[in-house]
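Have a look at the sequence and the 3D view first, then follow the notes below.

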Amino acid sequence: MPARALHKLRLILSTTSDEKQAVSIARALVSERLAACVNIVGPMRSIYPWHDAIEDDREFLLLIKTRASLYIKAERRIRELHSYEVVEVISSQIDRGSRS
């Protein structure tokens, strides 16, 4: 990826409890042009604290590739479509990658 594109791309991570919801969110983001591509990984195992207990659940991970300029809209859309009370949305800058 050329140097001029540094920090203009984002990788967003989010998890869902089932594949159907992961596919629904992925399709919405891509069809609305808020993401160039979404990979769905899973099922995977997530262990986390919740309401004074340690949960051990099966989840699906979304790897969402987008432009930095679309991050706020993409995050908002993920939150609108998601069923979790607390939605995980983690963003990281992409500093290198394949040419598109």
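Let's start with Q21: leaving aside its neighbours within four places in sequence, Q21 is in contact with T16, L81, H82 and S83, where contact means heavy atoms within 4.5 Å. Keep in mind that this is a predicted model, in which local features need pLDDT of at least 70 and side-chain atom pairs count only at pLDDT 80 or more, while totals for chains, interfaces and linings use all residues. Residues are numbered from 1 along each chain as its sequence is written, and side-chain values use heavy atoms, with hydrogens and water left out.

- Q21 sits in helix α1; helices (H or I, at least four residues) and strands (E, at least two) are DSSP runs, numbered from the N terminus.
- Is Q21 buried or exposed? Its relative accessible area is 13%, so Q21 is buried, because buried means under 20% relative accessible area, exposed over 50%, and partly exposed in between (1.4 Å probe, protein chains only).
- S24 is also found in helix α1, but S24 counts as partly exposed, at 42% relative accessibility.
- S24 and H82 are 58 residues apart along the chain, and their C-alpha atoms are separated by 9.4 Å.

**How the two helices meet**

- Two packed helices are described by the angle between their axes and the distance between the axes.
- Here, helix α1 (residues 19–31) and helix α2 (residues 71–81) pack at an angle of about 145°, with their axes 10 Å apart. Axes are lines fitted to C-alpha atoms, for helices over the stretch in contact, and angles run from 0 to 180 degrees between N-to-C directions.
- Which residues make the contact? On α1 they are Q21, I25, A28 and L29, and on α2 they are A74, R77, I78 and L81.
- Sort the residues of that contact by type and you get six nonpolar, one polar and one charged. For this count, Ala, Val, Leu, Ile, Met, Phe, Trp, Tyr, Cys and Pro are nonpolar, Asp, Glu, Lys and Arg are charged, and the others, Gly among them, are polar.

**The two sides of α2**

- Y71, A74, E75 and I78 are the buried residues of α2.
- Looking down the axis of α2, its buried residues fall within an arc of 100°, so they line one face of the helix; the arc is that of the directions from the helix axis to the C-beta atoms.
- These buried residues pack against β1, α1, β3 and β4.
- Over on the other side of α2, I72, K73 and E80 are exposed.

**The sheet**

- Four strands form an open sheet in the order β2-β3-β1-β4, with antiparallel pairing; two strands pair if DSSP finds at least two bridges between them.
- At the edges are β2 (37–50) and β4 (90–94), and each pairs on one side only.
- On average, neighbouring strands of this sheet are turned by 30° against each other, direction ignored.
- β2 and strand β3 (residues 53–67) pair in the antiparallel sense over 12 bridges, and I54 in β3 is the bridge partner of P49.
- α2 lies across β1 (9–16), β3 and β4, and runs at about 10° to β1.

**The whole chain**

- The protein chain has two helices and four strands, and along the sequence they follow the pattern β-α-β-β-α-β.
- Of its 100 residues, 31% count as buried.
- Of the contacts in the protein chain with a separation of 6 or more, 71% come from residues 24 or more positions apart.
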